[in-house]
Amino acid sequence: MSRESSCISSSGEATQSQSQSQTQSQSQSQTQSQSQSQSQSQPNSSGPTSSSASSASTIPTQDTVYEEPEPEEPQPWGRLWALRKGFSKLDCVKDEYWFGRDRMCDYSFDRAALKRTEDFKSYSKKHCRIIREKGPGNKFLVFIEDHSFNGTFLNGRLIGKNKRLPLNNNDEIAINLPTHKVFVFSDLTTDDQSDLPKEFRDKYILSRTLGSGVCGEVRLAFGKENCKKVAVKIVRKLKFAALVAERGDKVSNDATEIKILKMLDHPCIIKIEEVFNFEDCFYLILELMEGGELFDRVVSCAKLKEQTAKLFFYQMLLAVQYLHNNNITHRDLKPENVLIATGEESSLIKITDFGLAKIVGETSLMKTLCGTPTYLAPEVLLTAGMGSYSKAVDCWSLGVILFICLGGYPPFSDQIESMSLSDQIIKGHYTFIPSCWGHVSEMAKDLVKKLLNVDPEKRLSPNEALNHPWIQDEEVKRKARQLMYPERELMLPPSVTEQVRGGSARGTVSVSCCLYTGAVAEDCVGLARLVALLPLESHGCGVKPQLGSWESHSLERGTYQSASRGLRKNVVTE
């Protein structure tokens with residue numbers, strides 16, 4: 001019989017509660033007694049452990065709380081990089097995404113930046129859908145479906161309403177028009193970046209090919225930190241060296257393009273943003289011109305409107321003038337090397353591809369036969385590259401480009417059987433076909449003739465061409481200035497504004513600008529407009545702009561950036 005039973009039988013008159021109390025008390029004392037006897041029976045060597053255990057038994061314990069690990073965020077299987085202003089990057093995590101004007105779409109076009117555009121109303125409420133499905137062997141396949149009235153395009157191909165096409169890595173998606181590109185798709189389940197140099201792939205994600213040439217290719221890329229779109233020109237060193245050797249250029253100029261681009265700073269010349277110099281190639285990070293090549297623009301339109309051609313050509317003249325002022329000859333000017341910023345009719349243009357360019361000193365002359373035959377000047381062909389020729393070769397090429405823009409066909413062609421291409425060029429034999437030139441003004445034709453003069457000494461220079469009557473179009477110049485120097489950049493530095501507006505009522509602001517800085521000319525276009533922003537005496541401030549040495553130079557030769565730098569350094573109040 002247990003001790004608990006004997007206690008209950010000997011205390012029969014006790015209440016039930018007392019029995020329970022006694023039972024609990026006796027049980028506790030029994031437990032303590034057993035614990036003490038066990039403690040005493042353990043060897044001395046385990047004393048510290050026993051003491052620790054005994055002490056721990058007297059400390060109140062709390063129940064351990066186990067926190068469930070947070071579920072891992074699903075990793076994206078695809079990414080849509082935005083190609084158009086107003087659109088944003090999308091990481092694809094779900095297996096289905098709807099796109100359209102409807103606010104219920106996963107990616108809604110109903111956003112302020114897009115609603116302000118003319119294209120917004122032509123987007124469908126449910127325009128397209130991207131879906132991911134399991135295919136054979138449990139491999140995922142991605143498709144894009146068109147559900148719109150105006151069309152969804154994949155790599156320029158119309159998908160068709162209620163139809164689908166496979167969506168693969170680096171595919172381009174356009175809506176409404178094949179040229180209205182909005183996304184490029186990256187398949188994040190495929191590793192196409194691991195072969196790239198680590199230094200480059202740590203900063204950029206390489207995408208689709210934009211173009212290719214003898215020495216390499218141009219690829220679209222996105223900055224990892226800011227998703228900024230850039231063009232990456234990959235130049236293979238061995239191929240470039242072989243091309244230089246083939247053309248007989250004895251100058252070691254495998255880095256010529258990089259050297260030149262680093263020096264240049266003009267709104268109509270492509271700007272290099274970064275250079276990666278690897279063992280077998282260069283990676284040149286260039287600003288992206290999304291309007292494509294001038295060549296493609298002319299082909300798609302058959303020919304340009306005269307005012308559009310004038311706007312583009314005016315910018316080309318400014319760019320070439322800047323190059324020549326810095327003793328740089330391009331030597332390979334052609335419509336393929338003139339890039340357009342946007343698809344708009346009035347757009348900024350930039351000259352690119354200095355792979356054949358060479359810096360020349362005051363007395364040095366070029367002796368290498370290079371460039372594209374259709375655009376080569378007569379003096380280059382006459383000497384077969386062995387004689388000497390000057391920067392006038394660029395002006396001849398400009399004449400050929402202007403001819404193509406206005407007429408829609410090249411002045412010299414190897415398709416003419418009666419005369420060889422070289423003879424056509426050397427003799428300056430070309431024809432203004434009436435059906436193609438009937439709409440073109442006589443002044444425009446006159447400029448073409450003076451640029452296509454076979455005598456380089458009589459051929460117009462960029463400076464002279466800028467003074468030609470056809471170029472004296474203030475509306476075109478105004479548009480060009482707006483494109484080259486957007487209004488948002490024509491703001492006075494805060495320090496200047498404070499000095500002008502907070503200075504004495506009779507203060508004088510002295511404005512000066514050094515046209516040449518080091519080896520590179522800094523132009524001053526827009527400086528007059530900038531000065532016009534300063535409060536004058538009629539405004540009650542008594543400020544007189546005192547113009548410096550730049551006055552004697554054409555205002556078409558400058559940049560607002562150099563003007564603003566000049567102001568920051570040279571503004572003084574008296």
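Predicted model: local features only at pLDDT ≥ 70, side-chain atom pairs only at ≥ 80, totals over all residues.
**Reading strands and helices together**

Reader: Thanks! How many bridges join β15 to β16, and in which sense do the strands run?

Author: Strand β15, residues 272–277, is joined to β16 by five bridges, and the two run antiparallel. Three residues lie between β15 and β16, and the two strands form a hairpin.

Reader: What other strand pairs with β16, and over how many bridges?

Author: That is β14, residues 229–236, which pairs with β16 over seven bridges, again in the antiparallel sense.

Reader: How should I read the two faces of a strand? Are those of β16 covered or open?

Author: Here is the general idea: side chains in a regular strand alternate between the two faces of the sheet. In β16, Cys281, Tyr283, Ile285 and Glu287 are on one side, while Phe282, Leu284 and Leu286 are on the other, and all of these are buried. Strand β16, spanning residues 281–287, is mostly covered, with seven of its seven residues buried.

Reader: Now for helices. How is a packed pair described, and at what angle do α9 and α11 cross?

Author: Two packed helices are described by the angle between their axes and the distance between the axes. The axes of α9 (residues 306–325) and α11 come within 10 Å and cross at roughly 170 degrees. Angles over 145 degrees count as roughly antiparallel, and α9 and α11 are therefore roughly antiparallel to each other. Among the residues making the contact are Ala309, Phe313 and Val320 of α9 and Leu398, Ile401 and Leu402 of α11.

Reader: How many residues of α11 are buried?

Author: In α11, 16 of the 16 residues are buried, so the helix is largely enclosed by the rest of the structure. From its first C-alpha to its last, α11 reaches 23 Å, close to the 22 Å expected. Glycine 408 follows α11, and its phi is positive, near 85 degrees.

Reader: What comes between α11 and α12, and is serine 413 there buried or exposed?

Author: A loop lies between α11 (392–407) and α12 (421–427), and serine 413 is found in it. Buried means under 20% relative accessible area, so serine 413, at 18%, counts as buried. Leaving out residues up to four places away in sequence, serine 413 touches Leu421 and Gln424.

Reader: And the whole protein: how many helices and strands does it have?

Author: The secondary structure comes to 19 helices and 22 strands. Of the 574 residues, 45% count as buried.

Note on methods. Residues numbered from 1 in each chain as written. Heavy atoms only, no water. Helix = DSSP H or I, 4+ residues; strand = E, 2+ residues; numbered from the N terminus. Buried < 20%, exposed > 50% of the residue type's maximum accessible area, 1.4 Å probe, protein only. Contact = heavy atoms within 4.5 Å. Expected span 1.5 Å × (residues − 1). Pairing = 2+ DSSP bridges. Axes fitted to C-alpha atoms, helices over the stretch in contact; angles between N-to-C directions. Parallel < 35°, antiparallel > 145°, perpendicular 65-115°, else oblique.
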